[in-house]
Amino acid sequence: MSAAQQVLFDLPGPRARRRHLIGGVIGSALCLGLLGVAMVRVAEQGQFEAAKWLPFTESQSWQFYLLPGLLATMRAAAVAIVMSMVLGIVLAMMRMSDIAPLRWATSVFVEFFRAVPVLIMMIFTWVMLVKNPTLREASASLGIQSSDVTFVAVVTGLVLYNSSVICEVVRNGVTSLPAGQREAGLSIGLSPSQVRRLILVPQALTAMLPALVSQIVVITKDSALGYIITYPELVSRTRQLGSANANTFVAYLVVALIFILLNWAITKAAEWLEARQRRRRRTPTPRGVPPVTMETAAPADSLDIPERRP
Amino acid sequence: VLELIEQFNVFGAFWLNIRLAAVSFVLAMVLGTVVAILRLAPVSVLNWFGSTYVTLLRNTPLTLIIVFANLGLWAQLGIDMVPRDRPNFILENNFWLAVLGLTVYHAAFICEAIRSGVNTVPVGQAEAARSIGLTFPQSLREVILPQAFRGAITPIGNVLIALIKNTTVAVAIGNREIAYAMRNMIEFRPDAGLLIFLLVAIGFVILTLPVGLLTSWLSTRLAVKR
């Protein structure tokens, strides 16, 4: 029984267990019934015929549609992940800086880009890169081919949003650290920015690693928005594949499965990291340092050689 | 810019986003509560159904779901959301297909929000309720659900904010909402692009900010002292 269920329900006795069995049978019948009706309707349309599924056993579908699409999705996601992580950490440093105007400017930046939909930023970058003469020249001089414009737009949208989110994640991590970490750093003579750079942010990153890994799922999912701005990623490739074989319905089911497996694996990795960290944090106080009490406190005359083990 | 707003019907476009968000939110709340009940039920088969739904829907991109609703459900299976003889059949049908996609996607998140609300209630509360002799429905009604509801306010507010922003994805299947209007406006006046972007962005800040303020006000006001 999970924690939530412990709050809601008592441990079942024989009668409750019988009731649960009946409820389980009825509930499962309802769920399966709904699923069955949907399946029958889909089957009536001939979606389960072998011809609709056979294209996925041919290498062409994978070679020309699905794998290039998956590669494009992963490429945009990977570039966006790396850039958002770096920019997010920089933003977090800036938002915790001692220079007030820098702090304010970063706050405005972060809050603004967290409130604006990713798609709006993508469309803006895309249309501007194509239509605005100054920007078009600027991007051409940077060596951006016209075929890469959609890629740039996808990555820009993803990075602006996700770096703002990661900035907040890192900042939350820093606030959740014990105050003693900062105080100890300051007391050994580090400057506030050194304390942040050397002590607080590294620890915050480790503590927030699961949250950062789940942000990767968000980035991978949002890279599918590239479909709307004609970036040839997995969803748009699937559309082409579907219309080539007249099996759009089936093609999208298969691709949804690819996305689910991919993201599910990343989620599992995040959960594994979290469990590992919990295990580590549970280790007892460092060995060799006996608790300091009145009785065991070192006598004043043995300061040079602290007696560790009685 | 003012004439641009009028020419491209910015308010009408935003109004479509608001309608999409409102209808989808209500439906997602209903569906999400059902899934949450499945996930929290004391029967492990039902738990399995609930968590399967959440795993499947939460890991699929919203774009894929909405495009699938249009190309898969409507174009291939021929599922009409509104009667075909309506004058604006295509537009209305796309609206409801987008609502369908937004609803099933966000229901998974609503379910998780409700579950995390229930998780904020310490087990001691339930034990105390039982030990003073409350029956199961009484302890649920008087002790557990009021606290769980308060714990769920903030996460549900976060889902609503995400939902408002995600209504822009409806443009993928030809809904003439703000992303569509913005694209046309910038294509028409590329020189004023930044201004148009800021206008749309501020529109979203105006839409999402009250939700955030309201939920944080509510959750501090109704916070359970522990």
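A salt bridge, as counted here, is a side-chain nitrogen of Lys or Arg within 4 Å of a carboxyl oxygen of Asp or Glu, and by this rule the count over all chains of this predicted model comes to 12.

**A salt bridge in chain A**

Begin by selecting E111(A) and R95(A), which form a salt bridge whose closest N and O atoms are 3.5 Å apart. If you then colour the helices to which these residues belong, you will find E111(A) in α5 of chain A and R95(A) in α4 (residues 59–95) of chain A, so that the pair, 16 residues apart, links distant parts of the chain. In general, side chains of opposite charge can pair when their charged atoms come close.

**The interface of chains A and B**

Next, display both chains and select the residues in contact between them: 56 residues come from chain A and 60 residues from chain B. The area buried between chain A and chain B is about 5,000 Å², and carbon and sulfur atoms give 74% of this area. How many salt bridges are there between chain A and chain B? The count is 0, while 5 residue pairs, with both residues at pLDDT 80 or more, are found in polar contact across this interface.

Staying with the side of chain A that touches chain B, select in turn α1 (3–8), α2 (14–44), α5 (100–115), α6 (118–131), α11 (209–222), α12 (234–245) and α13 (248–281) of chain A, each of which supplies at least two residues to that side. It is α13(A) that gives the most, with 11 residues. Coloured by class, the residues on this side of chain A divide into 36 nonpolar, 14 polar and 6 charged.

**Chain B and a pair of its helices**

The C-alpha atoms of chain B fill a box of roughly 70 × 40 × 30 Å, taken along the principal axes.

Within chain B, select helix α7 (residues 136–166) and helix α9 (residues 193–221), whose axes come within 9 Å and cross at roughly 175 degrees. That crossing angle makes α7(B) roughly antiparallel to α9(B). To see the contact itself, show side chains on α7(B), including I153(B), L160(B), I161(B) and K165(B), and on α9(B), including F204(B), L207(B), V211(B) and L218(B). By class, the contact of α7(B) with α9(B) has 8 nonpolar, 6 polar and 1 charged residues.

How values were computed: Residues are numbered from 1 along each chain as its sequence is written. Chains are lettered from A and ligands numbered from 1 in the order in which they are written. Side-chain values use heavy atoms; hydrogens and water are left out. Contact means heavy atoms within 4.5 Å. Buried area is the accessible area (1.4 Å probe) that two parts lose on being put together, summed over both. A polar contact is a pair of N or O atoms within 3.5 Å; within protein, one must be able to donate a hydrogen and the other to accept it, and residues adjacent in sequence count only if both atoms are side-chain atoms. Helices (H or I, at least four residues) and strands (E, at least two) are DSSP runs, numbered from the N terminus. Ala, Val, Leu, Ile, Met, Phe, Trp, Tyr, Cys and Pro count as nonpolar, Asp, Glu, Lys and Arg as charged, and the others, Gly among them, as polar. Axes are lines fitted to C-alpha atoms, for helices over the stretch in contact, and angles run from 0 to 180 degrees between N-to-C directions. Angles under 35 degrees count as roughly parallel, over 145 as roughly antiparallel, 65 to 115 as roughly perpendicular and the rest as oblique.
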